[in-house]
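Here is a short report on one protein chain. It covers aromatic pairs, sheets, packed helices and a pocket.

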Amino acid sequence: MAEAHQAVAFQFTITPEGIDLQLSYQALNQIYLSGVRSWKKRISRIRNRVIKGVYPASPSSWLFVVIAILATMYMRSDPSMGLIAKIQQHLPLSLHYSLSTQGQTMLSALVFSTLLWLSLILALRFCLKLLLSYHRWMFELHGRVSNTTKVWVTLLRLLSSRKPLLYSYQTSLPHLPVPAIKDTLNRYLESVRPLLTEPGFKRMTELANEFECNLGNRLQRYLKLKALWATNYVSDWWEEFIYLRGRGPIMVNSNYYGMDFLYVTPTSLQAARAGNTITALLLYRRKVNREELKPSRVPGTVIPLCAAQCERMFNTTRTPGEETDVLQHWQDSEFVAVYHKGRYFRLWVYQAGRLLSSREIEYQIQRILDDPSPPQPGEEKLGALTAGDRIPWCQMRKQYFSTGVNKKSLDAIERAAFFVTLDDEEQGMRGEDPAGNLDRYAKSLLHGKCYDRWFDKSFSIVIYKNGKSGLNAEHSWADAPTVAHLWEFTLATDAFQLGYTEDGHCKGDVDRSLYYPQRLAWDIPSEVQAQVCTSLAAAQALADDVDCHVFPFREFGKGRIKKLRVSPDAFIQIGLQLAYYRDRGGFCLTYEASMTRLFREGRTETVRSCSNDSCAFVKALEGGETEEQCRRLFKLASERHQNLYRLAMTGDGIDRHLFCLYVVSKYLGVESSFLKEVLSEPWRLSTSQTPVQQMELFDLKNNPEYISLGGGFGPVADDGYGVSYIIVGEDMINFHVSSKYSCSETDSHRFGAQISKALQDIMTLLSADTKTAKGTVKGQSKKLL
């Protein structure tokens, strides 16, 4: 163990001749190398702060400005228009005595050059911020770009020509604007129109008008004040009130999961897969720490997205509190926490200042797998505390885990880079029931056995006995696209860069003198064990109620959809409306997650996918209207959905604004029946698209089997569905559907079948129009000939 080895770096014995001091040079060398690594990281952080602090300029541009100023002075010209002379007059008296007149002039010129350089940086940054605040490009029709947008793109490319670091754009990103309250209320009423009866809609309109005329404007003033003061007027309240203040289990209700490749498992050796996966994750962390990752951008553009969520990706845990949880983040960690068969281990991934090779990590993981020691009393199911209600976990943590051996072991888990579970089950699409196995795979990643994941960690990696992998992510610190970016890199690095030997082991050599992974010690009293049983029972009941269904839709993908000149996301969302109507006989409030990372510290906004236009299309299709009429309505619904998505992305969404108005009303101690009713409406259909952000990492032409399954989440409403989907390549869409067995009206498998049929029916409808158009063109060509 590392502590044991470093503790004996100094050994001494007292003899009659004096003190005999013995030094362990190996241990001292490791301490020295660890210190060197630490200082290298500090220097790297300082260098990165300077580089991103002057972006879009460069540090070397200072020298250019200085040389330009000195050159003009040499030519008997004063570029400062007298400012250099003024600076020289105000130099300290000591410099007047110690420097010659020429030296004073040179120093004054350097000061002026530096001030001019800083002013130019601020001006460039201000210009970049103005450019990034322009969003009209998003609303222009494809192929009809205005001259204003063309000039804007040119200027943006010019200012972004230097290679940026991960966080270079942060200070140049615009702040999220507060929409006009009248616009938000109008959009809200429009979104609920298809869901309400005439009397119900009239009543809601009256409530909205009353709110706007009375309390609304008062709350809006406070919100605008916050927007002037805070970096983002939504994100801190969203994180606190939506995530951290929840007192129920975060397992299933909040945490989400990500899956491995669909068809391929790079190796069947559990230790080897763990070795490469852990190595890939740590390489990603190194890129984040050094800011070597390219900033994420809007697909197909040079427009950057906020990277703030990357800051808490590693070395982060959620700790329970009485009223609200707290996110704790540590600067760095040289170990990961590992769980296997009821035992917890601390695995050091650095030795003597270097990252262990994937083969060495595999060797250490195998040691854990081969360890025959049994769990300590109360240790095996201790993780159930993180799966149950938050208040009991908080009380147990304060009373029994704040001192002694329990605190030391809990710190090892919470301060770890991330959590690793070596699962003793086999998962994946295998055997005689591949579809059913995918469902079990999803449930395993979502909740496991309710005690073999540490649900408080920013993310937990799961490595199964047959080499399959996956992750479970805590939601409060970041949204799914950030974790998806990490997981894409991990899968690609594992399979294509690190690779495996012919017999399935990690590549590389092993230093067999590595310290043995450290077993974490616990002293779990009977009171804690009783609470573990209570939390486990509550978590197990929640887990048993989740109905998961995962299925790859192979009939077509975005390739055929784009040929119809339709947005793939709009196509799928309208298909979900059709599927829900057929499944439940009506429409419901629908949540689709959209990002607001065009703004600094932006997170998500809601796209209310159930619109007047989508409902009109569904009713027309189900009501037997003509195909031509259905196609016309579909086009309107598709355009409407795309417009709603653009509004959400550019800060003109509905729900975050209303949410913040509600929070202000609570702080002021005033009640609003309108806001209370809006915020209590259930999202019976909650949907999300997992974006594929790094397709360049996956060569699907030469390796078509390396297709990601994406990930999913639990249902938001007890009587609703949770639907996640990932559009992979040109010919496949993977769906994750969840619901609750306790609701007799929902069934994930039934709804999955409805989704498949709805998508195929819409494709048949739209393809018929394409075939007709082609036939007309051919007929006209024959007439011309």
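## Aromatic pairs

How many aromatic pairs does the rule give? The count comes to 39 aromatic pairs. The model is a predicted one.

Take Phe 261 and Phe 698. Their ring centres are 6.4 Å apart and their planes stand at 80°. Planes over 60 degrees apart count as edge-to-face, so this pair is edge-to-face. The pair links distant parts of the chain, 437 residues apart. Phe 261 sits in the loop between β3 (256-259) and α11 (270-290). Phe 698 sits in the loop between β17 and β18 (711-713).

## The sheet of 8 strands

β3 and β18 also belong to an open sheet of 8 strands. Its order is β13-β7-β6-β10-β11-β12-β3-β18, and the pairing is mixed. β13 (518-519) and β18 are the edge strands, each pairing on one side only.

Inside this sheet, β3 runs antiparallel to β12 (residues 469-473), joined by 4 bridges. Tyr 257 stands opposite Asn 472 in β12. Two helices pack on the sheet. Helix α15 (residues 434-447) touches β3, β11 (459-463) and β12, and its direction makes about 130° with that of β3. Helix α16 (residues 480-498) also touches β3, β11 and β12; its direction makes about 160° with that of β12.

## The sheet of 6 strands

An open sheet of 6 strands runs in the order β14-β20-β19-β17-β15-β16, again with mixed pairing. Why is one side of β14 and of β16 left without a neighbour in the sheet? β14 (546-553) and β16 (604-608) stand at the edges, so each has a single partner strand. From one strand to the next, the twist averages 20°.

β19 (residues 721-728) and β20 (residues 732-740) pair in the antiparallel sense over 7 bridges. Ile 726 has Asn 734 in β20 as its bridge partner. Helix α19 (residues 568-584) lies across β15 (590-595), β17 (685-689), β19 and β20, at about 145° to β19. Helix α22 (residues 655-668) lies across β15 and β16, at about 115° to β16.

## The second largest pocket

The second largest pocket has a volume of about 430 Å³. It is lined by 21 residues. Closest to its centre are Gln 170, Cys 306, Ala 308, Glu 311 and Glu 601.

Two or more lining residues come from each of α2 (25-53) and α10 (235-244). α10 gives the most, with 3 residues. What is the make-up of the lining of this pocket, by nonpolar, polar and charged residues? The lining divides into 4 nonpolar, 8 polar and 9 charged residues.

Technical notes
Residues are numbered from 1 along each chain as its sequence is written. This is a predicted model: local features need pLDDT of at least 70, side-chain atom pairs count only at pLDDT 80 or more; totals for chains, interfaces and linings use all residues. Side-chain values use heavy atoms; hydrogens and water are left out. Two strands pair if DSSP finds at least two bridges between them. Axes are lines fitted to C-alpha atoms, for helices over the stretch in contact, and angles run from 0 to 180 degrees between N-to-C directions. Contact means heavy atoms within 4.5 Å. On a 1 Å grid over the protein atoms alone, a cavity is a set of points where a 1.4 Å probe fits but cannot get out, and a pocket is an open set with protein on both sides within 12 Å along at least five of seven lines; lining residues have an atom within 4 Å of a point. Grid points are joined across faces, edges and corners, and a volume is the space filled by probe spheres set on the points. Ala, Val, Leu, Ile, Met, Phe, Trp, Tyr, Cys and Pro count as nonpolar, Asp, Glu, Lys and Arg as charged, and the others, Gly among them, as polar. Rings of Phe, Tyr and Trp (its six-membered ring) pair if their centres lie within 6.5 Å; planes under 30 degrees apart count as stacked, over 60 as edge-to-face and the rest as tilted.
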